Structures are given as C-alpha cells and as structure tokens.
Amino acid sequence: MTLLPASHHSAEPGHGRLSGVIPPAPIEQLGEAIAALAARLHAATHELLVLLREFDERAGWNNGFLSCAHWLHWRTGIDLGAAREKVRVAKALAALPRLSDAMQRGTISYAKVRAISRIATPENEAQLLDLAYAGTAAHVERVVRAWRRCDRVEEARDTERRHLSRTVTTYLDDDGMLVLRARLTPELGAVVQRALDAASERLYQDSKDAASPTSVAEEVTAAQRRADALGLMAECALDADLDRGSSADRYQVVLHLECEQASSSPSQAVIELGDGAVHVSAETSRRVACDASMVVMHEGADGAVLDVGRRTRTIPSAIRRALAARDARCRFPGCTARRCDAHHITHWCDGGRTSLDNLLLLCRRHHRLVHEGGFQTVQDQNGDVTFISADGRRLEPSPSLQPGSETNPDHDIDARSMPCWDGTPFNLPYIIDVLRGHEPFGPGAG
C-alpha cells in the first residue's frame, strides 16, 4: 500500500473546497500513533513509579495513612490491590537498573515489569529482560508462574525430620507479652495456615479502606495482622463452645482499686493471663472496659480482697442492637470494618452515659487508636462525630484529583523501538531450564 501525502488529496479536482481541512490519517498512521502513545504511557508509568518510590522512602504518606499503598488508593482512586502492586514494583525497580531503563524508554510495558519483578534479581535481570523483549505479557506471566513453582518444589524436603520436630511452646515475656512459638507438620500447618489466612482476610477486608491517624507511624505488617488474626481465631473457637465457659469470660476486666479511691476513675488494670496477671495502662483498661463484662474487686492496702462485685455488662443488649442497626460499621472515616466494639464518646468512668447518643461503633484498630493513639472524638449538637488527630488536625475527605500538565520525559520515545513477539512457538520447559541454568530438555531443546 502506497501512502499518499495530504497535499496529493487536496490537489485533486473537486477537493479545492476542502483544502483547509485536515484529511483523515491513513490506518497505518493511526496504528503507529497508538503505538507511540503506548510507549509514552510506559515511560510515564515509569516516572510515576520513580516518584512513588521517593515518596515512600521519604514517608510522605505518614500523615494519617496505614501505608503508601493506602495513600495512593485514597489520593488517586485506584484499587488498593493495584496500589500495593505499584508500590511493590516501584521498590523492586531500584535494584533492577536494566528493567528500569527499558521501561523509561517505553520499550517494555508495566505489565511485563510487574511480572518480572516478582522473580528478578541483579543476577538474572538481563536474561529476564531478553524474555520480555521476545515474548508477550502472557508469555512472561507463564514463565514467572513456572519459575515460582520450581522454587516451591526445591524447598519441599525432609518430611520425617519436620514431623519429629513439631512443637508448640508459650511463655510470658518480661514486658507481659505472651510469646508463642510453633513448629507444625505441613498437613497440620496447612489447616492452621488456612484459618490464619481466612482470619487475616477478614481483618484486611474490614480495614482496607481506612486511613490511620498520625500517632501510629508504622505500617501494619503481615506479621502484625497475623497476630490479630490469631486472636480472632481464638475468639471464634471459644464462641464455638471449645471451652465450656461463657464466651463473656474472654474479656473479664479486673480493676484493682484501693477502698479510699474507689470513687475515682481507674489508673490501671490487671488482665489475667494464664497463671499470671499483666498490668496494662489506664487507657488500655478504659478501652477494654468500653465494651466488656466487668467484675470490680475492692482490695485493702495489703492487697487482701475485701469485696467482689457482681459481673455486669457495660453495654446492655438492647442498646447494642440499636447501635449496630444505626452505625452498621466502624464510624472512623474511610473504614468499612463490620466487626466493631462499642465506644463511649464520654467514657462511663468520666460520667458518660451508656446511651445510644453517647456511643458509636469502632473497629479494634481505631478503637485502640482513639484511646492509646491520642485521637479524639468530638460530637456536635446534631450528634455528628468528628475525629481529631493528636496534633489537632481534623480528618478531611479524599480530595478530588486535579488534571496535571502533560508528561514530557527528558528522553526521546520511539514506538519503533518497542519489541514485538515474532510468532516463535512458546516452549515453557525449555525457557525455564535455560533461565534457571539447567540443561535444556524437551521439544525444541536442540
């Protein structure tokens, strides 16, 4: 096909009246324009990842958010899972200069870089980049999945030794934390892992859209979420009648007060844990006492118990049902958690009433942050609640995105430099053998 210039069309008879109108671009030119735009998008995405990595390293997100991914999700409106992937890839590219340079020039797409970054190291980066040049994004994904399967196969060994070394130990640390260490066989570990994953997923889904206040500087790690999930598993087991005791006994708070000070608010509490007791802070005792059964024990100066009160429920069942119907989920801005505690806006030990207008639902994370994290809840005359951080800032809704200027990278982008798959048959076993340094085998190995 011969492409005719625009001047040729305008010079034809009968077309003089159209000489001032730009003629339609030939279909080949349109295709090249699409390819050129795609290359610029690859380069612009690389620029975004570089800025995102710098933003994360400088902790620019640490102004009330759980992580850099949560900030990106909040600020740009992209899905939280996609935001996590962008942050992960941005960090990985710092150690992969060849991949970074190729994406900066627009020659490989974000989809390929995202897949390769899961297995790439400085040692195999060059080979994986050649793979990205030679195949499609689907080819790259298949190779990465096969690579990771090989890793899992190589790690599976010593079954009998693992069985004989299974053990679980628990003890109280010096700071009162319960330390649990376990080594489980694969089949038992799979059951525990499945339960942990299910509990972790529930906690994650409950809090994935929530923004955290500035009093907590660290991102919630996978290990921390698993610790919370382990507690959730224990609660569910007790609720399922594993222990014949009442489920309310799980959170029985014992407040130790001297008789002369019985009318004052508690300064600290003791939580029974195994065969011992652990002292917790005043704010922790107030948080747990917001929504738990309580037994007040009066003691003398020598520690002798003078009187033990009846166990009472802080939130009556009728008010709890009304509260759940009104709030439905955590009231903290952006939080969608449905597993919540009832929180007294004005605590009952400060004279606050246990009534619907003085209560709101908060998930465990934000309930802890309101008490121990320095956050405040302020209620106006209309009953609307505002959350104020420890430094006096009010939580604002997500700001709207403003269109920015067009990205103009300093380097030239040439769509013709983008490699394309040449149609060579895809031989996955051979590719994996070559990349992992084994002798090639299978069809096409020669």
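A residue counts as buried under 20% relative accessible area, as exposed over 50%, and as partly exposed in between (1.4 Å probe, protein chains only). Keep these words in mind as you look through the views below.

This is a predicted model, in which local features need pLDDT of at least 70 and side-chain atom pairs count only at pLDDT 80 or more, while totals for chains, interfaces and linings use all residues. Residues are numbered from 1 along each chain as its sequence is written, and side-chain values use heavy atoms, with hydrogens and water left out.

**View 1. Ala59 and Ala328, two alanines with positive phi.**
Let us start with the backbone. Ala59 has a phi near 55°, a positive value in a residue other than glycine. You can find Ala59 in the loop between α2 and α3; helices (H or I, at least four residues) and strands (E, at least two) are DSSP runs, numbered from the N terminus. With a relative accessible area of 35%, Ala59 is partly exposed. Ala328 is not a glycine either, yet its phi is positive, at about 70°. Look for Ala328 in the loop between α13 (317–327) and β9. Its relative accessibility is 37%, so Ala328 counts as partly exposed.

**View 2. Phe55 and Trp71, an aromatic pair.**
Rings of Phe, Tyr and Trp (its six-membered ring) pair if their centres lie within 6.5 Å; planes under 30 degrees apart count as stacked, over 60 as edge-to-face and the rest as tilted. How many aromatic pairs does the structure hold? There are two aromatic pairs. In one of them, Phe55 and Trp71 are tilted, with 4.3 Å from centre to centre and 35° between the planes. This pair links distant parts of the chain: Phe55 sits in helix α2 (residues 27–57) and Trp71 in helix α3 (residues 68–76), 16 residues apart. Phe55 is partly exposed, with a relative accessible area of 25%, whereas Trp71 is buried, at 17%.

**View 3. Phe375 and Phe387, a tilted pair.**
Why is the pair of Phe375 and Phe387 called tilted? The ring centres of Phe375 and Phe387 lie 6.3 Å apart and the planes stand at 35°, so the pair is tilted. Phe375 belongs to the loop between α14 (364–371) and β11 (376–379), and Phe387 to strand β12 (residues 385–388), so the pair ties together parts that are twelve residues apart in sequence.

**View 4. Glu85 with Arg88 and Arg118.**
Side chains of opposite charge can pair when their charged atoms come close. Here a salt bridge is a side-chain nitrogen of Lys or Arg within 4 Å of a carboxyl oxygen of Asp or Glu, and the structure holds 14 salt bridges. One of them joins the side chains of Arg88 and Glu85, at 2.9 Å from N to O. Arg88 and Glu85 are three residues apart in helix α4 (residues 80–93), so about one helical turn separates them. Arg88 is partly exposed, with a relative accessible area of 26%, and Glu85 is partly exposed at 22%. Glu85 also forms a salt bridge with Arg118, where the closest N and O atoms are 3.6 Å apart. That pair links distant parts of the chain, 33 residues apart: Arg118 lies in the loop between α6 (110–116) and α7 (125–134), and Glu85 in helix α4. Arg118 is partly exposed, with a relative accessible area of 31%.

The partners come from distant parts of the chain: Asp341 from strand β9 (residues 340–344) and Arg364 from helix α14, 23 residues apart. Asp341 counts as buried at 12% relative accessibility, while Arg364 counts as partly exposed at 33%.

Val191 is found in helix α10 (residues 186–207) and is exposed, with a relative accessible area of 55%.
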